[in-house]
Amino acid sequence: MSAPLLEADGLVKHFVARRSVLGKATATVKAVDGVSFSLAAGETLALVGESGSGKSTVGRLVLRLIDPTEGAVRFEGRDIFSLRPRELREYRRRAQLVFQDPYGSLNPRMTVGDILTEPLQLHNVVPPRRRRERMYELLETVGLDPRFARRYPHEFSGGQRQRIAIARALAVEPRLIVCDEPVSALDVSIRSQVLNLLRDLQQRLGLAYIFISHDLSVVKYIATRVAVMYLGRIVETATTQDLFAGPRHPYTRALLSAVPVPAPRARRDRQILPGDVPSPITPPPGCHLHLRCPYAVERCKIERPLLAAQADGQVQDHTTACHRWQELPPAGTAVPAVVRSPELERLVAAFSGSGNGGGSSDVARVDADDPREAARPG
Amino acid sequence: MTAPLLTIEQLRVSFSGDDGRTTRAVDGVDLTLDRGRTLGLVGESGCGKSVTSLAVMGLLPKRTAQISGRVSLDGFELLDLPDRELRDLRGDRLAMIFQEPMTSLNPSYTIGEQIIETLVRHRGLSHAQARSRAIELLRRVHMPEPDKRVDEYPHKLSGGMRQRALIAIALACDPHLLIADEPTTALDVTIQAQILDLLRELKATGKSAIVLITHDLGVVAEICDEVAVMYAGEIVERAPVDLLFERPEHPYTVGLLASLPRLDRNAARLATIAGMVPDMAAPPVGCRFAARCPFAEEKCRAAPPPMAAVGEGRWSRCIRAPISRLVA
C-alpha cells in the first residue's frame, strides 16, 4: 500500500459546555475522544453515526477549521496543525468541504458565476483571462448548463444547488473533499443523481472523500471503507464489503438492523437498542455503549475497549472496539435481501438507461420558479 | 360493508402567491381509509402529501389556501364544519403528530400539562384524574420514568422522548384517525427504530386508523397496510403494501424504488429519475410524470390520465398499465 493521503492520529476534541462565573470550564463535551484512521488517495472513507457521535467534528478537525485538544492530522505526511499561514492556504486548496444544506452554504447575493470564480481568484488557480472559461468547465463537470452562470442560487432546486457547491469545491482542484451529509436534504430521485456525480468525479479526478453520513444505504453505495462512530469514538472500521457482510460490533449491528428496508415481508433479525445516546458531557465509563448493549458484562462498564483486529490476523482491515465481539452470536440477517421479480428488475432498469444516469440529465430548464418551494405551505 | 372511516373526494387545495400565480398543491385527491388500517402517503417534497393532511385537519390558512372537495370522517363533513366544532374533533377523534417534536410541543408547559389540557378539554376529566391518565399514557408510549417525566419541560427531553410525548398527547383521547407527518424523519436511526416499533404496537391495538406521511419507502414497507403514492398534487398509485413493492403499476413508483441505494447488494450505478417536478402553477395537460417517464408516448401527453383499476384493490394513473408488459 502506498503512503496514505491523510492520517488522523489520536484526535481528541473537547468543547467547553459550561463556565463558572470566573470563566473556568465546569463542563466539557468530549465530542471526539481518541479517533485514528487513514485515507488513501482516490478512496472514500465514510464516517457513520448518529447525532452527537462526533463525525462532523472529525470532519472539521481534518480541515483544520477547529484545533484539536490532542492528536494530529497528517496530510501527505505533514502535520496540518503546525502549518504556517502560507502553507495553510495551500492546504485549503488541497482539501475542500461540501455541506449538507445547499440552501445555507451558497451566498444568495452572488451569481453562480461569481461563486465559482471567487476561489479561482483567491487561489490564483488559473490566469485571469482563463477564469471565465474555467468557470464554464466547472459547471459542465457537475452537469449544469453553462448558461446558468448568470443566475442566483435561489433560482435552483436543492439538487442543482448541491451541484454548484460541489463545483465550487472542485474549483481549486483539491485532492480531498470532506462531504458532510451532502445528500441528506435531498429527495430520493435527486439524491441518486448527486451520488452518481460524486462517484463519477472521484473516478475521473482521483479525489479522496471523507463522507459523513447517518444513512447506511448511501454509505454502502459510495464508500470504500467505513468507520462507525458512537459518542466520539470509532467502534468499528472495515471495508464496506466486510462491514455490511459481517458487522461485529453490537452498535453496528443495531444500526444496520434499524434501517427500514423497502421490502414489506422481508424477514430480518431486528435488534432495537433501548434508551437514548447518553450525554457527551457525562459519557458512561468503560464502553460508551454498555448502558444500551444487550451483551454488556461487568468488564464493559469499567474498561474502555480498544479497536482491535481479528485474533488470527486474517482480516487486518477489520477492527472492532468491543471486549466481547468474538463471543457474540452471529449477526443473523440484519440486512434482508430484497427480492425483485424479473419484470420489476427490467422496469427498474428502464430508469437506469435512457441517458438517465449520466449526470447531465439534470441540466434542466429553470424557466419558472421552483415548484418544490411553491408547493410547500407556510 | 360499513362506510369507510375517512373519505376524501376530489380534494383540491391551491395557494395564491404574491406574484398572482396560483399553485395547485393538491389537485383532485380521492382517498378512503377503513377503521384500524394504516395508510402510507408517499411522495417527494412538494407532491402535496402534507397539504392533504393539513386540509383534513383543517389547519390550512383560510386566507391564502383555496380548498374544495369533500372530506368526511365518521360522518362529519370536515370542510363544512364551523371552526368551533372542528376544534372539538381535533385532539379527540382526529389527532396529528408532526415531524419536529420540538416545535410542536409548547416549550413553556410541562409534558404533563399538555396532555392534561387535552383530557380536560375533550373528556372533561378532573385535573387529578387527567394527571394519572397522563402518566398512564406516557407509560404506554414507553417513556422512561413516566411519573417523573410528566413534570418535565420539553427542552429537558431527548428528541426520541419528545416524539413519544407528542404521540402520548395525540393518543390521549383514543383518536379514530391519527395522522403522522414524517414522525421519524428528524430522529436518529436507532431512535427511529424505537418509534416505528411503537407505531407498530399502536397499530396492533386496532383502535386508530393511521395515515403515515413519509418520503421513505422503507418506513412504508415497515408498517403500512396500504399505500398511496403522490406526484405533483395527484395520487398516481394506490395498492396494498405487498403488491406495491412487488409489482408497482406506475412508472413513478418504479423510479422511486430504482433510486434507492440497496443495502443488500453492490450497485454499479444508481438509477435516477431525470428532470424535475413540473411547475404546479402551470402543470402539463397530459400525464404530469410524462416528461420524466421512460415509457411515455404521445398519447400520455395528450390528455390527463384517469385513475384506473389494475386488478384487485389497486389503481394506477398510468394509461400504459399494467406496465410489466412494457418490458416483456
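## The eight-stranded sheet

In this predicted model, chain A has an open sheet of eight strands with mixed pairing. Reading across, the order goes β6-β7-β8-β3-β9-β10-β12-β11. The edges belong to β6 (95-98) and β11 (308-309) of chain A. Each of those two has a single partner strand, so one side of each is left without a neighbour in the sheet.

At the β11 end, β11(A) pairs with β12 (residues 319-320) of chain A in the antiparallel sense, over two bridges. Within that pairing, A309(A) sits opposite T319(A) of β12(A).

## A closer look at T319(A)

T319(A) belongs to strand β12 of chain A. Is T319(A) buried or exposed? It's buried, because 21 other C-beta atoms lie within 10 Å, and the cut-off for that label is 20 or more.

If you skip the neighbours within four places in sequence, T319(A) is in contact with E236(A), T237(A), L307(A), A308(A) and A309(A). For a sense of scale, T319(A) and T224(A) are 95 residues apart in sequence, and their C-alpha atoms are 15 Å apart in space.

Over on the β3 part of the fold, helix α1 (residues 55-62) of chain A lies across β3 (44-48), β7 (176-180), β8 (208-213) and β9 (225-230) of the chain. Its direction makes an angle of about 150 degrees with β8(A).

The loop between β3 and α1 of chain A holds G52(A). This glycine is buried, with 22 other C-beta atoms within 10 Å. Not counting residues up to four places away in sequence, G52(A) touches L231(A), V277(A) and P280(A). R304(A) is 252 residues from G52(A) along the chain, and 19 Å separates their C-alpha atoms.

## How α3 and α4 cross

Next, a helix pair inside chain A. The axes of α3 (residues 112-122) and α4 (residues 131-141) of chain A come within 9 Å and cross at roughly 120 degrees. That angle makes α3(A) oblique to α4(A). The crossing itself is right-handed.

From α3(A), the contact uses G113(A), L116(A), T117(A), L120(A) and Q121(A). From α4(A) come R131(A), R134(A), M135(A) and L138(A). Sorted by class, the contact of α3(A) with α4(A) has four nonpolar, three polar and two charged residues.

## Where chain A meets chain B

The contact between the chains takes 56 residues from chain A and 64 residues from chain B. Which elements of chain A give two or more residues to the side that touches chain B? They are α6 (188-205), α7 (216-222), α9 (250-258), α11 (342-352) and α12 (371-374) of chain A. The most comes from α11(A), with eight residues. By class, the chain A side has 32 nonpolar, 15 polar and nine charged residues.

The residues making the contact are L347(A), V348(A), F351(A) and S352(A) of α11(A), along with V254(B), G255(B), L257(B) and A258(B) of α11(B). Six of the residues in this helix contact are nonpolar, two are polar and none are charged.

Technical notes
Residues numbered from 1 in each chain as written. Chains lettered and ligands numbered in written order. Predicted model: local features only at pLDDT ≥ 70, side-chain atom pairs only at ≥ 80, totals over all residues. Contact = placed C-beta atoms within 7 Å. Helix = DSSP H or I, 4+ residues; strand = E, 2+ residues; numbered from the N terminus. Nonpolar A, V, L, I, M, F, W, Y, C, P; charged D, E, K, R; others polar. Axes fitted to C-alpha atoms, helices over the stretch in contact; angles between N-to-C directions. Parallel < 35°, antiparallel > 145°, perpendicular 65-115°, else oblique. Left-handed = near helix turned anticlockwise from the far one by under 90°. Pairing = 2+ DSSP bridges. Buried ≥ 20, exposed ≤ 12 C-beta atoms within 10 Å, placed from the backbone.
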